[in-house]
Amino acid sequence: EAPARISAVAKLTQETGSKATISVDGGVNLQNSATVAAAGAHWVIAGSAIFRSPDYAAVINALKSVRM
């Protein structure tokens, strides 16, 4: 459901020539960050994914490797 909504917003911004960026906050983690990015997100906010991990740096580096 969320990827479809992200794609719809990305399409709308493209069609209107908007320079807005799409940020996704809530439920983003290592397992779904690539899907969120592929749907059109420019930024992800993944606080829980980071702070619930015993190795913050590893999660941050993994998220940075996802192409937004």
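The largest pocket has a volume of about 160 Å³ in this predicted model. Its lining is formed by H42, W43, V44, I50, I60, L63, K64, V66 and M68. Two elements, β2 (43-45) and α4, each give two or more residues to this lining. Helix α4 supplies three residues, the largest share. By residue class, the lining of the largest pocket is made up of seven nonpolar residues, one polar residue and one charged residue.

Helix α4 spans residues 56-64 and includes Y56. The relative accessibility of Y56 is 42%, so this residue counts as partly exposed, the class that lies between the buried limit of under 20% and the exposed limit of over 50%. Together with F51 and I60, Y56 makes a nonpolar surface patch of about 310 Å².

Elsewhere in the chain, T16 is located in helix α1, which covers residues 2-16. T16 has a relative accessibility of 56% and therefore counts as exposed, since the cut-off for that class is over 50%.

Definitions and conventions:
Residues numbered from 1 in each chain as written. Predicted model: local features only at pLDDT ≥ 70, side-chain atom pairs only at ≥ 80, totals over all residues. Heavy atoms only, no water. Patch = residues over 30% accessible without salt bridge, like charges linked within 9 Å, V, L, I, M, F, W, Y side chains within 5 Å. Areas by Shrake-Rupley, 256 points an atom, 1.4 Å probe, with all protein chains shown as cover. Salt bridge = Lys/Arg side-chain N within 4 Å of Asp/Glu carboxyl O. Helix = DSSP H or I, 4+ residues; strand = E, 2+ residues; numbered from the N terminus. Buried < 20%, exposed > 50% of the residue type's maximum accessible area, 1.4 Å probe, protein only. 1 Å grid on protein atoms, 1.4 Å probe; cavity = no way out; pocket = protein on both sides within 12 Å on 5 of 7 lines; lining within 4 Å. Points joined across faces, edges and corners; volume = space filled by probe spheres on them. Nonpolar A, V, L, I, M, F, W, Y, C, P; charged D, E, K, R; others polar.
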